[in-house]
Amino acid sequence: MKFRQSFKAKMVLAISLVLALAITTGCSKSETTDKVLRVAFGSGGADAQDIWDQIATKFKADHAGWTVEFQVQNDDLYETIGLKNLLTSGNPPDIYFEWAGARLVNKIADGYAADITDLVKNSGLADEFNDGAFASTTLDGKIRMVPYTSDVTNVIWYNKAIFANLGITAPTTWAQMLDACSKIKDAGITPFSIGNKDLWVAGNWFGHLFSRVAGDSVYDQILSKNKPLNSPEFVKAMQYVADLHTAGYVNASANSITDNEGYSLFFQGKAAMLPIGSWIVANAKTDAPTMDMGWFNLPAIDGGAGDQKSIMGVTTGYIVNDKSEKKDMAIDFLKSAFSAEMVATWSKAGFTPVAKSGDSAALDPLTQSMVDLLNSGATLVAPPDTGYDLKMADALNTAISEVLDGVKTPQKALDDAQAKVETK
Amino acid sequence: MKPTSRLGVFILVAPAVLIYCFAVILPFIGTIALSFLRWNGFGSPTWAGLGNYSRALSDSIFRSTFSHVAIYIVATLILEVLLGLALAGFISSLKHSAFYRIALFVPVMLPMVVIAVLWRAIFNSDYGILNAILASLGLTKFQHIWLGDTKTALFAICFVSGWVFSGFYMAIFTAALNRLPTDVIESARLDGSGEMSIFTKIKIPMIRQVTSVAILICITGGLQGFDLFYVLTDGGPYHTTEVPTTFMVKSVFRDGEFGYGSALSIIVSVAGLAMAYLFNLWQKRTRVDVEY
Amino acid sequence: MIRRRFLHALIGAYSLFALLPLFWMFYSSFKSNAEISQTPLSLPHSFDFRVFVDSWRVGGVGKYALNSVIATTASTVLVLVTASMAGFALSRLRFPGSRAVFLLFTLGLLLPIQSYFIMQNQEFDYLNLKDTRWALIIPYTAMGIPLAIWLIKSYIDSLPKELFEAARIDGSSDIQTYRFLMFPIIRPALVTVGIFSALGAWNEFLLALLYVQDESLKTIPTGLLSFSSKYATDYRMLFAALTMVTVPMIALYVGFNRQIVAGITQGAVKG
């Protein structure tokens, strides 16, 4: 009897030790105390997390007994299935990050985006923003999202030293750009570098081109599935991609390397131009602090049907979950997140917040130029992946990568992409 | 024996059964059920019947994953099993072979992701060591964008796989060869047979059993391969290295098609089981004819 | 003699081929990024170990390693305890349903991970297990159990049954028999099972990728992957991180190579 008990006791001890180890060291997250505000977003790096932690600290100080829980995920996962999982999980977020456009519309339709018109106005949150800041997040007269940042997702960054050495100035037309490319290539430098392993990079760049050639309304119709992908307008636009391939103006490794590796080719001077968004300013600060870089918007295309000054960009923001019981607290949290003081902090870290800042000098000049570009009044075009249905974007972006490598003709690639969209 | 007490049996068996059923059996049944539904992860699922299955069979990308995985399996049968057998043959005929046995097995010990990240650095066409070696040998015309070129990407993955697992099969075969009774081999040697013919005519038939298990592991393991593909190419460029697992993970965790993904997973699992079963049948049938 | 030399040269070359990439990874972590990209083959000029400290602390390799140790240890201990108890009962005790239970576990030997991970993901999501340590410990334990039971049961089957009858006559209960008779004598089987499950848990990637997004809970495979995208072109850091996770494994392997090779090959062949 004695043996048996001591053995049982030991077993229980051993197992509970293992379990205790796991529980205490792994944050068990299923607290159901109702004084937790849950905020979900895709990881934006250590700097962003630092700022969020400051905001949470302030929020906790202002609201005794409340805590903030950040539900942070890898950004690619968050964009695809991660957010969906969070919203349907046992502890759904009260506030979550989202892109304006088709994705916001879907969230409203699915019942996950609260109408916060009155809350925004009465709480004083509206005062943190300029007039008209809520335009892209207001649908049918109801505010559905608090804007966080506006980002230009595609301009062409260039290495000023290389351009100066070769006597090139920033081109304004596509023909001038091709001319510059040929000079750069003759000098033994790759004109463009992109890291397109995840497909969105080239999709973003050429999505902009497509909207210029086909016209922004046709672009919107096609990506919204109201017109087939292999419409002649897109086939024509895709020919520009094929021509870049034939001329050898894009790094041959494009489809095999990641976005960061693509940036790196540019930072190391192995490529002269990099078509990407405003966030590269932050990357450049750490990876190429001494590099002198400039930018020009995608050059005008002769005979293109769209606004030849159009800007590709997205507005992001935070949605208050319609299923949340803590909407007041959520708005209060967002108020502290976008106070003039915090906006200055966001700006200093290289973000481009929409809310007003108390300190306009905080912005990096390059980042400031991006903000000015956004406010220039040109047509705003949404990138395929964040602006439209993801499967649609995948089909188009795969077709672009095939043409970029020259394995398919524009017509064939788009025919195949259209077939893919139809069967799904 | 009869158990001394019912409670005793319960205490012994219940923990394993509970954990296993919770994390394997229940989800397995759930996945089968889900494969007959259409569900995007939101809201309530709708009945799809065999819709997901018929869609899978007509999905050209999914079908192509089987030819990619078939190429991979054939290549690894050569680069892993056959090479492993040859290495084992050589090694078991040497006296001082401890170093080789240890060295060749080292890659097997490392996480596949670590290996894949390392080889991605080797294959990188801009900074990678492989192109640099070719350049230093004056072989610039053999330089490639190894993982970005449809002609080389799949082969590069097979190559890495061979680099890892040839040592694994070598270990299996070495163990089998060392267990063989020495008398048969000695008498063959006395009859004047050469080492090569002893190896091919006597030793290999005697370890037939082990060989067939090795082939089976290679086939079923190949069908489940994920880590290397995910890290090295993630199915790219344009789905030319897409294998069933990477495609399945994309369908579920990128496109949010839970029902469809489940149907794919059931198809792949059944295909694996069927291959294992057929292989066993074939092996049983042929064994009689070959047995000495 | 010439033949033997030739064989040594041939296999020696192949062994070199197996080790060279690892050696290159190791010494490259002492070079600057510019040296790595311009002269990838050259040897380092000096040995500065600070890069290891950097990637261990700043890069978080230490954290990933600790998480891997916890997940691996917990799941291996659980596999050893639960499977040896069940394996003993299934081998030596006749109780109603014992065949059915054994068949259930045999099914687990056949089921590939793809056949259940989609719904397992939903289940864990629903129970809020994701992004906790349980998210990996539970499936790693569950996946290890079938093979462990099979190996342990066959081992016990091969022992003389008089051993157990004698214990019974001495008045020992089943649980006492398990504890005082079984546990010591099945040690060889436990070593095989332990090595096999520990390595499986240590190297597992797919589930870790799907169930753990929290940086502070990531294990070596997923942690290293996010490390490699964070430091995509900082090869020095990357190689230092890779070196730090491979060297202990290699050291462990060189020390216990007999047991490890036997454990892995037996586990694979019998599974």
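Begin by selecting residues 134–152 of chain C, a span that is 100% helix and 0% strand, with its end C-alpha atoms 25 Å apart; helices here are DSSP runs of H or I of at least four residues, strands are runs of E of at least two, and both are numbered from the N terminus. The model is a predicted one, in which local features need pLDDT of at least 70 and side-chain atom pairs count only at pLDDT 80 or more, while totals for chains, interfaces and linings use all residues. Residues are numbered from 1 along each chain as its sequence is written, chains are lettered from A and ligands numbered from 1 in the order in which they are written, and side-chain values use heavy atoms, with hydrogens and water left out.

Next, select residues 189–212 of chain C, where the chain is 88% helix and 0% strand and the end C-alpha atoms lie 32 Å apart.

Now display chain C as a whole, which has 14 helices and 0 strands. Its C-alpha atoms fill a box of roughly 75 × 65 × 30 Å along the principal axes, and its radius of gyration is 23 Å, whereas a compact globule of 271 residues would have a value near 18 Å (taken over C-alpha atoms, with the globule rule being 2.2 Å times the number of residues to the power 0.38).

Residues 258–279 of chain B, 100% helix, have their end C-alpha atoms 31 Å apart.

Finally, show chains B and C together: which residues meet, and how many? In contact (heavy atoms within 4.5 Å) are 96 residues of chain C and 89 residues of chain B. The buried area, meaning the accessible area (1.4 Å probe) lost on putting the two together, summed over both, is about 8,200 Å², of which carbon and sulfur atoms give 80%. Select C:Y14, C:Q114 and C:I118, which supply 8% of the area that chain C buries against chain B, more than any other three residues. Helix α1 (residues 2–28) of chain C gives the largest share of the side that touches chain B, 16 residues. That side of chain C divides into 68 nonpolar, 20 polar and 8 charged residues, where Ala, Val, Leu, Ile, Met, Phe, Trp, Tyr, Cys and Pro count as nonpolar, Asp, Glu, Lys and Arg as charged, and the others, Gly among them, as polar.
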